[in-house]
Amino acid sequence: MTQNFKVKEWVNWAQDLCKPDKMVWIDGSAAQLDTLRAEALADGELIALNADKLPGCYLHRSAQNDVARSEDKTFICTTHEADAGPNNNWKSPKEMYEKLTPLFDGAMRGRTMYVVPFCMGPVDSPFAKLGVEITDSIYVVLNMAIMTRVSPDVVALLDKTDDFVKGLHAKADLDIDKRFICHFPEDNAIWSINSGYGGNALLGKKCFALRIASYQAKQEGWMAEHMLIIGIQNPAGEVKYVCAAFPSACGKTNLAMLIPPEIYANKGYKVWCVGDDIAWLRIGKDGRLWAINPENGFFGVVPGTNAKTNPNALETIRKDTIFTNVVYNEDDATLWWEGLDKNPPENGIDWKGNKWNGKTSTEKGAHPNSRFTTPAANCPVISPEFEAPHGVPISAIIFGGRRAKTAPLVYQARDFAHGVFVGSIMASETTAAQTGAVGVTRPDSMAMKPFCGYNMADYFAHWLEMGEKLGDNAPEIFNVNWFRTDDDGNFIWPGFGENLRVLEWILARCGDDMPAQVTPIGYLPRPADINMEDLDLTMDRLQEILSIDKDLWQAEVASIKEYYQSFGHRLPEYLHNELSNLEERLK
Ligand code: OXD
Ligand code: MN
C-alpha cells in the first residue's frame, strides 16, 4: 500500500461511497494474480483453456450488450462546453458528479474493491505517468496487469508524487441505460460505470493514455496520439522509426508486427514493434521528436488474425493471454475465431455462450470486436528499445484511414504544417470497435476523433505549434490508404507484409534522393518508385490506386468545409487557408 496521503484519502472516499465488503491493494505479484485468477475461474468470469496448447491463457465472455467502446456514453466534462469541442459529448463536471455519485453509492456491496496503482510508460522513463484505478472487476485487474506496469516499483513512485490520474470504475450491474464513461480533465479524474469492455473499463488505455493525456500534453507541450510505433531495419542494420495513426480496427496491430515479404527478408530487412495503439511524443534534447509506447501489452482485435495476416500476433497470444468473446472448442479446450483457419470446431461454444457448430452455423462464432489482451514482452518482434526510457526518434508520421475510393495508396504532405492539414481531413469508415453502424464514413482527424480529450480546433493548433518548435527536425508526414477497392468491392492493394513496399518509399522520401510527383494533394510516388518485385499486382492497378479523382476530391472538399465549420472561429486560420488552396489546385 502506498504512503501517499492524497492517494489514501481518495481511496478512503471511494470506499465510503462504493461500500465494498473488502478492499485489496494490487501489487502485481505473481502470487496475487494467481489468487485472483483462481477466484475468477471459480465464479465463471474466466474459463480455463488447454494448458499445453495455450499455457497461461483464459477465455472471458462479456455481457452481450458490452462488446465495444460506447462513444455515445463517453463524456468530456469541462467547466466550459467550448473546451470539450464539437468532437466530444460534453457535460458539466457538476452535473456528472451529481449524476454518477448515486450510481456509485453502494455499487460494490457484496464485492471486493481492488485498488490498482499503475504506470503508463517504462517505470524509469521521464515520459511516464502514474494512475490508480479502483475497480470491482477481477477481469479489469487482470487486464490492467497486462496492459500497464503494475508493480511495487510503481507504488514506490506513487509515494513521491501527487501527479496521478484517479480512475474510478465499477461494473455495477452492466446496465446499459446507466452506462457512463466520464472524463474530468481539469481534475485528472475518470469515472466509468456499468461497462466492463476494454476501452471503457481499462482506464489506463483510451481514457487516460489518450483522452486525459492529450489534455495534459497540450498543457505541458507534448503529444498523446492514437499511433503505433515501429522500427524498420534496413540491410545495413540501421533502424528508422515511424508512427502511424489509424482509426480503430484498421490493421494497426498487423502493421505494428509486420513481417517483411520474402524479397525484403532475404535482403535483411526487419520490422520491430514498439507499440500498436498509443504513442506519447516529446521533443528530445536533440530537438527531434521521440516516442514511447505508454502501454505494456496489446489489446488487439482477434478475428482475421492468422498465420498469414499476423503470424507474430499469433505467436504472441499462444501464452499468458486473456481472450474475450471468441469461440471455445469443447473437444480440446482451445479457441477459434473467424479468419483463423478453415477448420472451425463442430463442438464449439460461441461468444454468447451457446452451442455452436462451425461447420453448419450461419452465425458468427466470435464477436467481430472480440479481443486478445497479451503482454508486449511475448511478441517475437518486440523492439529492443521497447523499455528505452527516452523512447525512439521518429522519422515519419503516417496517417491512414479506410477509404474505398478517395485517398491514394500513399502521399506525402509538403511540410509539417501541411501534414497537420492532411491529418485533420482524415475520414474513415466505422468498424466494430465502436457501438453503432459499421461502414459509415465519418471525419476522424488524426484517428483521434473518439479520443481527443479537448476541443479538436485547439488540438490542431497544438500540432501546428509542435511543428514550429520542431522546425527542421520535424518528421515528414504521409497519408496511406490500404483499403482502395475496385468496382467489385475487392481490395486492390494486397496489404499486410506488402505494406513494407510503401514504407520503403516513405523512408526514402525522408532522405534527399527520392523524387516524387507534385499533385494538388501533395507528393505522390512515381509508380516506378514503388518496388513491385515479386508482387502479384499489375502496373495498371498500381497506377489506379495512385490516381486522384478530382471529382471525388472536390466532393471531399465540400464535406471538409462543413466539418471545419463545426469548429467555428476556434479553427486555426492556417487550416482554412490550406483548404481554400486545395480547392483552387483541384480546379
Ligand atoms: C482500440 C480501439 O481498442 O481503438 O484500440 O478501439
Ligand atoms: Mn485503438
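Start at arginine 69: an N or O atom in its side chain is 3.0 Å from an oxygen atom of ligand 1. A polar contact here is a pair of N or O atoms within 3.5 Å. This is a predicted model, where local features need pLDDT of at least 70, side-chain atom pairs count only at pLDDT 80 or more, and totals for chains, interfaces and linings use all residues. Residues are numbered from 1 along each chain as its sequence is written, ligands are numbered from 1 in the order in which they are written, and side-chain values use heavy atoms, without hydrogens and water.

Next, select lysine 206. One of its polar side-chain atoms lies 2.9 Å from an oxygen atom of ligand 1. Then take serine 248, with a polar side-chain atom 2.5 Å from an oxygen atom of the ligand. Taken alone, ligand 1 exposes 210 Å², and the protein buries 95% of that (Shrake-Rupley method, 1.4 Å probe).

Now show the whole shell. Around ligand 1 are Arg69, Lys205, Lys206, His226, Ser248, Asp277, Phe299, Arg371, Ala433 and Phe451 (a heavy atom within 4 Å). Three of these shell residues are nonpolar, two polar and five charged.

Move on to the aromatic rings. The structure holds 26 aromatic pairs (centres within 6.5 Å; planes under 30 degrees apart are stacked, over 60 edge-to-face, the rest tilted). Select tyrosine 264 and tyrosine 269: their ring centres are 5.1 Å apart and their planes at 70°, so the pair is edge-to-face. Last, pick phenylalanine 399 and tryptophan 463, with centres 5.7 Å apart and planes at 50°, so this pair is tilted.

Key. Polar contact = N/O pair within 3.5 Å; in protein donor to acceptor, adjacent residues only side chain to side chain. Nonpolar A, V, L, I, M, F, W, Y, C, P; charged D, E, K, R; others polar. Phe/Tyr/Trp six-rings, centres within 6.5 Å; stacked < 30°, edge-to-face > 60°.
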